[in-house]
Amino acid sequence: MSMSDPLADMLTRIRNAVMVHLPTVDMPYSKMKAEVARILKQEGYVDDYQKIETQSAQDTLRIVLKANSHADKVISGIKRISKPGRRIYARHDEIPKVLSGLGISILSTSAGIITDHEARSRSVGGEILCQVW
């Protein structure tokens, strides 16, 4: 069965794993999910991610979640913004700040999948995929 929104599934798996304090979370692999995981690692929200090749047709993406020294969760919120039924686009000067700059937005642009900070500095807009704080 085909999934209508694989990115929303990824974010939900991460949100659920963070709530029950799991060390890792597995999901079906795709290039877009790997790029979102790369940004989450780059911004310090997760420790690591890796592609696990399996014998089946679909490879697996494993994300190692991060917790600070007090066992608190690093990701306190993660939300899908643009959905298949309603795409949300923004120019570089219209990209909203998440919690007054404490969180990040992840955008799909002509320059690839980047954060809101990079999009503003490169002066490119695009589709707002999700927000993380």
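A: Happy to. In this predicted model, the largest nonpolar core is made up of 25 residues, and Ile-14, Ile-63 and Ile-106 are the ones with the most contacts inside it. At least two core residues come from each of the helices α1 (6-19) and α2 (31-42) and from each of the strands β1 (24-28), β3 (60-65), β6 (104-109) and β8 (126-132). Helix α1 gives the largest share, 6 residues. As general background, nonpolar side chains in soluble globular proteins tend to be buried together.

Setting aside neighbours within four places in sequence, Ile-106 is in contact with Val-36, Ile-39 and Leu-40, with Ile-113 and Ile-114, and with Glu-127, Ile-128, Leu-129, Cys-130 and Val-132. Another core, of 7 residues, lies apart from the largest one, and its members include Leu-107, Ala-119, Val-124 and Ile-128.

Ring interactions round out the picture. The structure has 0 aromatic pairs, but a charge does sit over a ring: the charged end of Lys-51 is placed over the ring of Tyr-29, 4.6 Å from the ring centre.

Glu-94 and Gly-112 are 18 residues apart along the chain, and their C-alpha atoms are separated by 18 Å.

Terms used: Residues are numbered from 1 along each chain as its sequence is written. This is a predicted model: local features need pLDDT of at least 70, side-chain atom pairs count only at pLDDT 80 or more; totals for chains, interfaces and linings use all residues. Side-chain values use heavy atoms; hydrogens and water are left out. Rings of Phe, Tyr and Trp (its six-membered ring) pair if their centres lie within 6.5 Å; planes under 30 degrees apart count as stacked, over 60 as edge-to-face and the rest as tilted. A charge sits over a ring if NZ of Lys or CZ of Arg is within 6 Å of the ring centre and within 35 degrees of the ring normal. A nonpolar core is a set of buried Ala, Val, Leu, Ile, Met, Phe, Trp, Tyr and Cys residues joined through side-chain atoms within 4.5 Å. Buried means under 20% relative accessible area, exposed over 50%, partly exposed in between (1.4 Å probe, protein chains only). Helices (H or I, at least four residues) and strands (E, at least two) are DSSP runs, numbered from the N terminus. Contact means heavy atoms within 4.5 Å.
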